[in-house]
Amino acid sequence: MAVTIAVLLMLPVAGTWLVAGIAFFRAMLSTEGDARFLVVGIGAGVLAICLLLVLMTALGMLVAWAGRGREGLTAPATFTFGIFVVVLVSLLVQGRLGYEPTMVTPLVVGAMAGVARGLLASRPARAWFAAGELAGKPVRRR
């Protein structure tokens with residue numbers, strides 16, 4: 001059950017990274033001026049990182065769902081949770097925890113990734129992964 005909930009929590013995380021990467025790239029495409037080439041290059045780099053996170057999350061969800069290991073899903077969950085911590089610390093440093101539209105999404109998605117990361121480290125998840133790893137390996141008999 002813990003792995004199922006963790007995988008389901010990571011679905012919106014992957015979707016958010018996909019939408020954020022595409023939106024950032026489109027915003028960079030609409031710039032004008034002499035440095036447009038540089039700005040579009042930065043936008044393409046950010047889009048590539050976001051697409052890499054989406055790919056890592058999707059593959060990690062498949063691997064976790066099959067019971068082969070949690071490492072593939074833990075990496076994108078940890079990165080997203082790190083973004084959550086950065087946003088939370090920046091809000092605390094500013095001295096306000098008010099409603100700002102740009103801060104709500106990282107907080108919600110980061111919290112979901114943090115919960116998924118915690119679920120992947122739980123005892124039921126470890127038992128699930130141990131059973132999946134044993135199912136893929138032949139048992140030696142003496």
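## Helices H3 and H4

In this predicted model, helices H3 and H4 are oblique to each other, a class left over once angles under 35 degrees are taken as roughly parallel, over 145 as roughly antiparallel and 65 to 115 as roughly perpendicular. Their axes come within 7 Å and cross at roughly 135 degrees; axes are lines fitted to C-alpha atoms, for helices over the stretch in contact, and angles run from 0 to 180 degrees between N-to-C directions.

Contact, defined as heavy atoms within 4.5 Å, is made on the H3 side by Leu 73, Thr 74, Ala 77, Thr 78, Thr 80, Phe 81, Ile 83, Phe 84, Val 87, Leu 88, Ser 90 and Leu 91. The H4 side contributes Met 103, Pro 106, Leu 107, Val 109, Gly 110, Ala 111, Ala 113, Gly 114, Arg 117 and Leu 120.

## Basis of the description

Residues are numbered from 1 along each chain as its sequence is written. Because the model is predicted, local features need pLDDT of at least 70 and side-chain atom pairs count only at pLDDT 80 or more, while totals for chains, interfaces and linings use all residues, and side-chain values use heavy atoms, with hydrogens and water left out.

## Overall architecture

The protein chain holds five helices and zero strands; helices (H or I, at least four residues) and strands (E, at least two) are DSSP runs, numbered from the N terminus. Along the sequence, the pattern reads α-α-α-α-α. Of the 142 residues, 30% count as buried, where buried means under 20% relative accessible area, exposed over 50% and partly exposed in between (1.4 Å probe, protein chains only). Among contacts between residues at least 6 apart in sequence, 68% join residues at least 24 apart.

## Helix H3

Helix H3 (residues 71-94) has 24 residues and reaches 35 Å from its first C-alpha to its last. This is close to the expected 34 Å, the expected span being 1.5 Å times one less than the number of residues. H3 is followed by Gly 95, whose phi is positive, near 85 degrees.

The buried residues of H3 are Leu 73, Thr 74, Pro 76, Ala 77, Thr 80, Phe 84, Val 87 and Leu 91. An α-helix has 3.6 residues a turn, so residues three or four places apart point the same way. The cover over the buried residues of H3 includes helix H1 (2-29), helix H2 (36-65) and helix H4 (101-120).

## Helices H1 and H3

The axes of H1 and H3 come within 11 Å and cross at roughly 60 degrees. This crossing of H1 and H3 is left-handed. From H1, Val 7, Met 10, Val 13 and Trp 17 meet Leu 73, Pro 76, Ala 77, Phe 79, Thr 80 and Ile 83 in H3.

Rings of Phe, Tyr and Trp (its six-membered ring) pair if their centres lie within 6.5 Å; planes under 30 degrees apart count as stacked, over 60 as edge-to-face and the rest as tilted. The count comes to two aromatic pairs. Trp 17 and Phe 79 form a tilted pair, with 5.7 Å centre to centre and 40 degrees between the planes. Since Trp 17 lies in helix H1 and Phe 79 in helix H3, the pair ties together parts that are 62 residues apart in sequence. Trp 17 counts as buried at 16% relative accessibility, whereas Phe 79 is partly exposed, with a relative accessible area of 41%.

## Helix H4

The 20 residues of H4 should span 28 Å at 1.5 Å a residue, and the end C-alpha atoms of H4, 29 Å apart, agree with this. Buried in H4 are Met 103, Val 109, Gly 110, Met 112, Ala 113, Gly 114, Ala 116 and Leu 120.

Gly 110 has a relative accessible area of 0%. Leaving aside neighbours within four places in sequence, Gly 110 is in contact with Thr 80, Phe 81, Phe 84 and Thr 105. The C-alpha atoms of Gly 110 and Val 86, 24 residues apart along the chain, are separated by 9.9 Å. Ala 111, also found in helix H4, is partly exposed, with a relative accessible area of 32%.

Technical notes:
A crossing is left-handed if the near helix is turned anticlockwise from the far one by less than a right angle, and right-handed if clockwise.
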